[in-house]
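Here are my notes for anyone opening this one for the first time. Have a look at the model, then read on.

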Amino acid sequence: MKPTIITYPDGETLARKVAEWLLGEAEAKPDRFSVALSGGTTPRHLFEVLATPEFATRFPWQRTHLFWGDERFVPHDDKNSNFRMTREALLDHIKMPPDNIHPVPYRGTVADAAAAYDATLRAYFGPGTAGPGHQLFDVAFLGLGENGHTASLFPASVGLQEMHAWAIPVTDGGVQQPRVSLTYPVFAASRKVAFLVEGAAKAPILAAVLNGDHRYPATRITALDELIWFTDKAAIA
Ligand code: 6PG
């Protein structure tokens, strides 16, 4: 799939323009709007912009449903939790029905949490194989790690081979702590996948991925309608 690459001068402009883009995507949909959020540090700025009155008062939160593309298997108030980061940057500042917020559960083992999240996704999107005839997310955000991972799909991880489950436990690939990740089929069945990549440190890996280096998991991400790379100038070598 030929990606769309959109580069902005700096991180501030990137966050604002992606917020405007996401609002446009939500407004263009008449009914439920589902988004898979990425974790790590890059998306925080976007979430903070979405929490400002300019966006918070215009975004159709009542018909938007938020999920996570991956999560560290830690309590939701742990400093490493992607959910905590999203709650601090966005959820605490907007009026969103609690039932529209679908965090990865922290209970039992990481395998239990992955199975529970897989069931959550199937309850929302319906059972059956994800794909062109069964779209999942309207928008799925992803980040890019310097080793080419995305979500929690890490180089040499067994999760890269998973073509049926929608959510899996991740304990290999060098992760510091167990994680839950959505899988390639889920992103491939998302209408649009949007990578957010910012900063000079990402320039080498971004260049390699955009050149189609299949050693890196991020290179294998596809989408149903559009695969977009939102970057700042520093990340585009
Ligand atoms: C995570 C993320 C991960 C992230 C990349 C980039 O939970 O760590 O989902 O895939 O997107 O590691 O992280 P930064 O934005 O912090 O560089």
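The points below go from the sheet to its helices and then to the ligand site.

1. A word on ground rules. This is a predicted model, where local features need pLDDT of at least 70 and side-chain atom pairs count only at pLDDT 80 or more, while totals for chains, interfaces and linings use all residues. Residues are numbered from 1 along each chain as its sequence is written, and side-chain values use heavy atoms, with hydrogens and water left out.

2. Start with the sheet. Six strands form an open sheet in the order S1-S9-S8-S5-S2-S3, paired in parallel; strands are DSSP runs of E, at least two residues, and helices are runs of H or I, at least four, numbered from the N terminus. Pairing takes at least two DSSP bridges between two strands. At the edges sit S1 (4–8) and S3 (64–68), each pairing on one side only. From one strand to the next, the twist averages 20 degrees.

3. Zoom in on one pair. S8 and S9 (residues 226–232) run parallel and are joined by six bridges. Leu196 has Phe230 in S9 as its bridge partner.

4. Now the helices on the sheet. H1 packs on it, touching S1, S2, S5, S8 and S9, and its direction makes about 155 degrees with that of S9. H7 (residues 203–210) also packs on the sheet, touching S1, S8 and S9, again at about 155 degrees to S9. Contact here means heavy atoms within 4.5 Å; axes are lines fitted to C-alpha atoms, for helices over the stretch in contact, and angles run from 0 to 180 degrees between N-to-C directions.

5. H2 (residues 43–50) deserves a look. Pro43, Leu46, Phe47, Val49 and Leu50 are buried there (under 20% relative accessible area, 1.4 Å probe, protein chains only). Down the axis of H2 these residues fall within an arc of 160 degrees, so they line one face of the helix; the arc uses directions from the axis to the C-beta atoms. Their cover includes H1, S2, H3, H4, S5 and S8.

6. Which residues are closest to the ligand? Of the 15 around it, the closest are Thr42, Asp70, His149, Ala151 and Lys202 (near means a heavy atom within 4 Å). A polar side-chain atom of Thr41 lies 2.7 Å from a ligand oxygen, and a backbone N or O atom of Ala151 is 2.6 Å from a ligand oxygen.

7. Finally, His149. This residue sits in the loop between S5 and S6 (167–170) and is buried, at 18% relative accessible area.

Technical notes: Buried means under 20% relative accessible area, exposed over 50%, partly exposed in between (1.4 Å probe, protein chains only). A polar contact is a pair of N or O atoms within 3.5 Å; within protein, one must be able to donate a hydrogen and the other to accept it, and residues adjacent in sequence count only if both atoms are side-chain atoms.
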